[in-house]
Amino acid sequence: MAEEHFEHDVGTEELAHLEIVGTLVRQLTKNATTSEIENSSYGAYFMNHGRGVFPADSTGVPFNAGSIAVSGDPIADLTEDLAAEQKARAVYDNILRMSDDPDVNDVIKFLRAREIVHFQRFGEALDQLQNTPALQGFCPGLASETKN
Ligand SMILES: [Fe+2]
């Protein structure tokens, strides 16, 4: 059951990342003039959400439970988690390529570092799951039994 606690801990931290990013966006936009907003890529967002913080990606697609992949197969789910962590790291890398704001970059570097830690922990959990005979009963992907 330690794996479940580990996944819940990472999930809780990921939700905190949403809060951190939301705070960052709020700090960056709270003093923007209407003209600055109108002449930026923030304009379309502002039309729908004003200065409020709405969890959406850079194309406006709102965050929802569809972003959370759960198959019930621990091997499939951990592999999905590994990919998700690398995708998050890649987004942070892209932000760092575009941002020249040291205060923003410090936050993004912190979040990027946490995604790397998550990737490492998920990798360790997957390795443990696949190489610990006592745990293989929890892995449908490793089960030798089939219905027929
Ligand atoms: Fe993560």
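**Entry 1: Glu85**

I looked up Glu85 and found it in helix α4. The model is predicted, and I read what follows with that in mind. Is Glu85 buried or exposed? I counted 22 other C-beta atoms within 10 Å of Glu85, so the residue is buried, the cut-off being 20 or more. Leaving out residues up to four places away in sequence, I noted that Glu85 touches Glu115, His118, Phe119 and Phe122.

**Entry 2: His118**

I went on to His118, one of the contacts of Glu85. His118 sits in helix α5. It has 23 other C-beta atoms within 10 Å and is therefore buried. With residues up to four places away in sequence set aside, His118 touches Val10 and Glu85.

**Entry 3: the two helices**

Helix α4 covers residues 74-98. Its 25 residues, at 1.5 Å a residue, should span 36 Å, and I find its end C-alpha atoms 36 Å apart, which agrees. Helix α5 covers 102-131.

I listed the buried residues next. In α4 they are Pro74, Leu78, Asp81, Glu85 and Tyr92. In α5 they are Ile108, Leu111, Arg114, Glu115, His118, Phe122 and Ala125. Against what do the buried residues of α4 pack? They pack against α5.

**Entry 4: how α4 and α5 cross**

I wanted the geometry of the pair. Two packed helices are described by the angle between their axes and the distance between the axes. The axes of α4 and α5 come within 9 Å, and they cross at roughly 160°. Angles over 145 degrees count as roughly antiparallel, and α4 and α5 are therefore roughly antiparallel to each other. I noted the crossing as left-handed.

**Entry 5: the UniProt record**

I compared this with the record. An unreviewed UniProt entry places the feature "binding site" at Glu14, His17, Glu85 and His118. These positions are spread over 105 residues of sequence, yet they cluster in space, with a largest C-alpha distance of 12.6 Å. Two of them, Glu85 and His118, I had already found touching each other.

The unreviewed entry also gives "binding site" at Asp9. Where does Asp9 lie? I found Asp9 in helix α1, residues 2-29. Asp9 has 12 C-beta neighbours inside 10 Å and so counts as exposed, whereas Glu85 and His118 are buried.

Technical notes. Residues are numbered from 1 along each chain as its sequence is written. This is a predicted model: local features need pLDDT of at least 70, side-chain atom pairs count only at pLDDT 80 or more; totals for chains, interfaces and linings use all residues. Helices (H or I, at least four residues) and strands (E, at least two) are DSSP runs, numbered from the N terminus. The expected span of a helix is 1.5 Å times one less than its number of residues. Two residues are in contact if their C-beta atoms, placed from the backbone, lie within 7 Å. UniProt positions are given in the numbering used here, feature names are shortened, and annotations may be inferred rather than shown by experiment. Axes are lines fitted to C-alpha atoms, for helices over the stretch in contact, and angles run from 0 to 180 degrees between N-to-C directions. Angles under 35 degrees count as roughly parallel, over 145 as roughly antiparallel, 65 to 115 as roughly perpendicular and the rest as oblique. A crossing is left-handed if the near helix is turned anticlockwise from the far one by less than a right angle, and right-handed if clockwise.
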